[in-house]
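Dear colleague,

I am handing over the structure below, with the sequence alongside, and would be glad if you could look through it. My notes on what was found in it follow.

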Number of protein chains: 2
Amino acid sequence: MPMEFETRLADRGRWRADACSAAMVLDLLGTKTVFLVVRECFYGTTRFEDFVERIGVSAPAVSRALRQLESADVIARTPYREAGARTRDEYRLTAAGEDLLPVLLALVQWGDTHLQDGRPPLRFVARDSGDEIRVCVTADHAREVDSDDIAIRAAR
Amino acid sequence: MPMEFETRLADRGRWRADACSAAMVLDLLGTKTVFLVVRECFYGTTRFEDFVERIGVSAPAVSRALRQLESADVIARTPYREAGARTRDEYRLTAAGEDLLPVLLALVQWGDTHLQDGRPPLRFVARDSGDEIRVCVTADHAREVDSDDIAIRAAR
DNA sequence: CCGTATCCACAACGATACTG
DNA sequence: CAGTATCGTTGTGGATACGG
């Protein structure tokens, strides 16, 4: 069952399309690769080569995705140097990027339920209590969990 | 800050890429148009022409998206006839499609916060209480709200 | 008039080659 | 070795034309 508009449906012409936040976000995270880069950031990946390997796409694709996300202020590129090594860049989520956590978890949760045949490959639990983390749609004031309070467990 | 793996990072080779639910979902909802069709379903759109007009894409694009979503069992196509009119199809979310609500709201919520300059064009409230609906990541047992208990208000 | 098939344009990916 | 430019290929969208 759909949601219901309190405004007249005829009034929809004014806001739809570009005004809708969903459309704007999809312009930004539009492609699969871009979003998988965000996923990897949440999973702790910071180095170019690791993005390439773990996402399983080509280096140019990662390069493009990183630049796009950088220009959208979802990730930030900062130079770093390991002892005795040359300067390289590392890529980390900005505060805005961190806020994509509900999107990531909602996608994973749906996939786990409807695409994985039975058991999901990963589980997200609270680091301290071990309780299962869920994304939920509610009017209640639930205690929000931050991404660094979440631990990822491979399904046994 | 990223989440932390309890499994060794070196073990990641086994599950990443195609095993990840996020990647599988993105194969399915991958494109912007496909996802906007889902959005429209939640907003109550059921007829082909309305999808075309409200999403602002061409008819063939809608046709393709609908078929893709149908084959993924996210929406179902059912024939109907208005009094004295020819039979047409209407498109509604399946139960699996309904479960995409957290994904939609998470996207909208992020866009409202980070892309809209200030005030979001739409607000989602509980139909009975009028309380603001939020997507949250939590280990608590919050009361889940179903999509038909949600009303949409245009920002004033 | 609803919905699709067809054709062309463009954007994103992979392979390769290149720069620091 | 990290990261990018270039080029050929594929897939996704729009315009058009067509079938029920």
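**What was found**

A polar backbone atom of Asp89(B) lies 2.9 Å from a phosphate oxygen of DNA strand C. Please bear in mind, here and below, that this is a predicted model. Two further pairs involve phosphate oxygens of DNA strand C: one is 2.9 Å from a polar side-chain atom of Thr33(A), and another pair places an N or O atom in the side chain of Arg77(B) at 3.0 Å. The elements that contribute two or more residues to the surface near this strand are α4 of chain A together with α4 and β3 (87–93) of chain B, and α4(B) gives the most, with four residues.

In total, 18 residues surround DNA strand C, the closest being Thr33(A), Ser58(A), Phe48(B), Ser63(B) and Asp89(B). By class, this surface has seven nonpolar, four polar and seven charged residues. Of the atoms of DNA strand C within 4 Å of the protein, 69% belong to sugar or phosphate, and the rest to bases.

Sugar or phosphate accounts for 68% of the atoms of DNA strand D within 4 Å of the protein, with bases making up the rest. Two or more residues each come from α3 (48–55), α4 (59–71) and β3 (87–93) of chain A, and from α4 (59–71) of chain B; the largest share, four residues, belongs to α4(A).

As for the two protein chains, a rotation of 180° with 0.0 Å of shift along its axis superposes chain A on chain B, with an RMSD of 0.0 Å, which is the relation of a two-fold axis. The same surface serves both copies, in that 100% of the contact residues of chain A recur in chain B.

Finally, helix α6 of chain A (residues 101–114) has 14 residues and reaches 20 Å from its first C-alpha to its last, close to the 20 Å expected at 1.5 Å a residue. Because 12 of these 14 residues are buried, α6(A) is largely enclosed by the rest of the structure; among the buried residues are Leu101(A), Trp110(A) and Asp112(A).

With best wishes

Key. Residues numbered from 1 in each chain as written. Chains lettered and ligands numbered in written order. Predicted model: local features only at pLDDT ≥ 70, side-chain atom pairs only at ≥ 80, totals over all residues. Heavy atoms only, no water. Least-squares fit on C-alpha atoms with pLDDT ≥ 70 in both. Contact = heavy atoms within 4.5 Å. Near = heavy atom within 4 Å. Expected span 1.5 Å × (residues − 1). Buried < 20%, exposed > 50% of the residue type's maximum accessible area, 1.4 Å probe, protein only. Polar contact = N/O pair within 3.5 Å; in protein donor to acceptor, adjacent residues only side chain to side chain. Nonpolar A, V, L, I, M, F, W, Y, C, P; charged D, E, K, R; others polar.
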